Amino acid sequence: MIRFIEDADERRKISRSILESLTDWFEVEESREQYIKESADQPFWASVDGDVYEGFLCLKETGRTTMELAVMGVRKECHRKGIGRRLFAAAKDYASMHGYEFIQVKTVKSGVYEDYDITNRFYLSLGFRELEVLADYWDEANPCQIYVMSLKSAINTIATRHSYRGLFSPEIVPEEDLTAIARAGIDAPSGCNKQTTDVIIVNDPVVLSKVKALLDPPVAQTAPAMIVVLTQRINAYRDRCFAVQDYSAAIENMLLAIVELGYQSCWYEGHITDEDRICDKIAAVLDVPEGYDVVCILPVGKAAEEFHAPSKKPFAQRVRFNHW
Ligand SMILES: Cc1cc2nc3c(=O)[nH]c(=O)nc-3n(C[C@H](O)[C@H](O)[C@H](O)COP(=O)(O)O)c2cc1C
């Protein structure tokens, strides 16, 4: 199990116990002690099995947009169990959710030591890209390979999007960001290109409070803006209506744009389309014309609370190659 460790003493204890078991990588006592000391103040994750700490990872901010994978270690007997990968996934989620755009990591360049070749292969397999080699950053015998990973790739944004139902910060969402989110929505594919999805951006505090007042039980009450999604249930061809598919694609595009721009949201559809038909009341407040249905609301704002990914079924239970 991967745990975020808050306590500075526990962080020091874990990093010491693991780094002292990995002398092939952390041989020099002075730099090992430095890693242990610094780990106390850094975002810190540990992999725990019962009362055994199997590995840990710490991040360090190196710029307004960049986190560095400051140090990680997994006990040798726990290698090849996916622990490093899971530690990194938790750290990457954290960095993305806190608005960072890049993660960098430094290691000894490939081709110098066998142990570090394994490390290089591991970073490449996580998706890191070679940025630069600094020949004398450490010393001539240890050329420093800097790897970098963009957290703003589509695949990463998809992996870090989670439904957010917590409190929002009151920070205004600039109109250009709301416009970019809406554009991502209408850029989505649609059956026969019928473009059956429209959106209304709600950022006027008076209109917003009228919409929020309709949400019973209350949700998204602190959101500084909202996207209201509308559909036209027209046929794409013959009797085939793809309106649901069209607005689903548009909503997912908007959720991803929201996360990419550093905001959070949640797809509220069940809540407003149940028997009490809050959607129709929202439509009335927003002067939605005949022929268009309100199907979903997406709050938009910066998260004011920590949140976590929900658990999902294992990959292999849902994805197969070539046959069932
Ligand atoms: C069609 C649809 C309707 C949804 N309606 C609601 C809703 O009314 N209220 C809510 O809290 N979440 C709603 N959700 C969000 C899901 O609960 C959420 O996507 C799911 O639990 C998985 O979590 P994740 O989005 O963090 O991956 C809806 C999602 C979809 C796709």
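Select helix H6 (residues 175-186) and helix H8 (residues 243-260): their axes come within 7 Å and cross at roughly 150 degrees. Helices (H or I, at least four residues) and strands (E, at least two) are DSSP runs, numbered from the N terminus. The axes are lines fitted to C-alpha atoms, for helices over the stretch in contact, and angles run from 0 to 180 degrees between N-to-C directions.

This is a predicted model, in which local features need pLDDT of at least 70 and side-chain atom pairs count only at pLDDT 80 or more, while totals for chains, interfaces and linings use all residues. Residues are numbered from 1 along each chain as its sequence is written.

Stay with this pair. H6 and H8 are therefore roughly antiparallel to each other; angles under 35 degrees count as roughly parallel, over 145 as roughly antiparallel, 65 to 115 as roughly perpendicular and the rest as oblique. H6 passes H8 in a right-handed crossing. A crossing is right-handed if the near helix is turned clockwise from the far one by less than a right angle, and left-handed if anticlockwise.

Now show the side chains. On H6, pick Ala180, Ile181, Ala184, Gly185 and Ile186; they meet Ala250, Asn253, Met254, Leu256, Ala257 and Ile258 of H8. Two residues are in contact if their C-beta atoms, placed from the backbone, lie within 7 Å. By class, this contact of H6 with H8 has 9 nonpolar, 2 polar and no charged residues. Ala, Val, Leu, Ile, Met, Phe, Trp, Tyr, Cys and Pro count as nonpolar, Asp, Glu, Lys and Arg as charged, and the others, Gly among them, as polar.

Next, select helix H7 (residues 205-214) and helix H10 (residues 278-285). They pack at an angle of about 160 degrees, with their axes 9 Å apart. H7 and H10 are therefore roughly antiparallel to each other, and H7 passes H10 in a right-handed crossing. Lys210, Val211 and Leu214 of H7 make the contact with Ile278, Lys281, Ile282 and Val285 of H10. These residues divide into 5 nonpolar, no polar and 2 charged.

A cis peptide bond joins aspartate 216 and proline 217, with omega at about 0 degrees.

The crossing of H1 and H2 is right-handed. Arg11, Arg12, Ser15, Arg16 and Leu19 in H1 meet Arg32, Tyr35, Ile36 and Ser39 in H2. Here the classes are 3 nonpolar, 2 polar and 4 charged residues.

Then pick arginine 80, in the loop between strand E4 (66-74) and helix H3 (83-97). Its phi is near 65 degrees, a positive value in a residue other than glycine.

Now colour by domain. The chain is divided into domain 1 (2-159) and domain 2 (163-300); such bounds come from an automatic or database domain assignment. Taken over C-alpha atoms, the centres of domain 1 and domain 2 are separated by 39 Å. How many residues of domain 1 are in contact with domain 2? There are 4, and they touch 4 residues of domain 2.

Finish at the ligand. Around the ligand are His162, Ser163, Arg165, Cys266, Trp267, Tyr268, Glu269, Gly270, His271 and Pro310. A residue is near a molecule or strand if its C-beta atom, placed from the backbone, lies within 6 Å of it. The shell around the ligand has 4 nonpolar, 4 polar and 2 charged residues.
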